[in-house]
Amino acid sequence: MSSSPPKPSKISLFKASAEAEAKKAFYLTLYLASWFCALAFLALTTMHKDPIPPEVFGLAFIKAGICAKFMLIGQAIYPIVINKSKGIFNVLFKKSITYLVIVIALSFVEAGVEGLFHGESFISSLNNFGHGYPLHILALSIVYWLIIWPYLIFIGLKKALGASETSEILFGSPSK
């Protein structure tokens, strides 16, 4: 008689799924935070702010965590479906535009909250996002899209090739 291996319990499956989601959220938050902190640092040094207030970097991490969570919720609700015969570009480009809208919307909210910290009204601070200059907002949108695009390419490759194959291509074979 052969016995089949025991089925994992619903609790262990839920725990494994929650751990995987937490790991994805953590890494995506770190990825976005590195970009948002770099952009905040660039903006502050461009304006010759001295000393550089550390709370700006905290806000960058908070924004990154919120953006990561919204992006992961978006992926759960509307998953990225890859059709190898049609390529990944079109699917990922459409997703990148959706995620860009999320990041820009959260950037407006961040400007409003930052205004509240400085004693301004939320609405007037929203109007100050991008210095109220549409070309600056367009430039930010392009930079934000360039941040999101590599992440989506990575996700698309993982879906098309598999996680281990993508890791091997990017980081080499695991040492044995």
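These legends walk through several close-up views of one predicted model. Because the model is predicted, local features need pLDDT of at least 70 and side-chain atom pairs count only at pLDDT 80 or more, while totals for chains, interfaces and linings use all residues. Residues are numbered from 1 along each chain as its sequence is written, and side-chain values use heavy atoms, with hydrogens and water left out.

**View 1**
Welcome to helix 1, which covers residues 10–46. Helices here are DSSP runs (H or I, at least four residues), as strands are (E, at least two), numbered from the N terminus. Helix 1 has 37 residues, and its first and last C-alpha atoms are 53 Å apart, close to the expected 54 Å; the expected span is 1.5 Å times one less than the number of residues. Its buried residues are Ala25, Leu28, Thr29, Leu32, Ala33, Phe36, Cys37, Ala40 and Leu44. Buried means under 20% relative accessible area, exposed over 50%, and partly exposed in between (1.4 Å probe, protein chains only). The cover over these buried residues includes helix 2, helix 3 and helix 5.

**View 1. The loop between helix 1 and helix 2.**
Histidine 48 sits in this loop, just after helix 1. Its phi is near 55 degrees, a positive value in a residue other than glycine. Is histidine 48 buried or exposed? Histidine 48 counts as exposed because its relative accessibility is 69%. Proline 51 belongs to the loop between helix 1 and helix 2 as well. The peptide bond that leads from aspartate 50 to proline 51 is cis, with omega near 0 degrees.

**View 2. Two cysteines without a disulfide.**
A disulfide is a covalent bond between the sulfur atoms of two cysteines. The cut-off used here is a pair of cysteine sulfur atoms within 2.5 Å, and the structure holds zero disulfides. Cysteine 37 counts as buried at 14% relative accessibility. Cysteine 67 is buried too, with a relative accessible area of 0%.

A salt bridge is a side-chain nitrogen of Lys or Arg within 4 Å of a carboxyl oxygen of Asp or Glu. How many salt bridges does a search of the whole structure find? That search finds two. One of them joins glutamate 21 to lysine 24, with the closest N and O atoms 3.0 Å apart. Both residues lie in helix 1, three residues apart, which is about one turn of the helix. Glutamate 21 is partly exposed at 35% relative accessibility, and lysine 24 is partly exposed at 36%.

Glutamate 110 lies in helix 3 and lysine 63 in helix 2 (residues 55–77), so the pair ties together parts that are 47 residues apart in sequence. Glutamate 110 is partly exposed, with a relative accessible area of 22%. Lysine 63, by contrast, counts as buried at 7% relative accessibility.

Contact means heavy atoms within 4.5 Å. Serine 96 is found in helix 3 (residues 89–117) and is buried, with a relative accessible area of 0%. Leaving aside neighbours within four places in sequence, serine 96 is in contact with Trp145, Ile148, Trp149 and Leu152. Serine 141 has its place in helix 5 and is buried, with a relative accessible area of 13%. Not counting residues up to four places away in sequence, serine 141 touches Leu100 and Ile104.

**View 3. Helix 5, from end to end.**
Helix 5 (residues 134–161) has 28 residues and should span 40 Å at 1.5 Å a residue; its end C-alpha atoms are 40 Å apart, which agrees. Leucine 135 is in helix 5 and counts as exposed at 53% relative accessibility. Just after helix 5, glycine 162 takes a positive phi of about 105 degrees.
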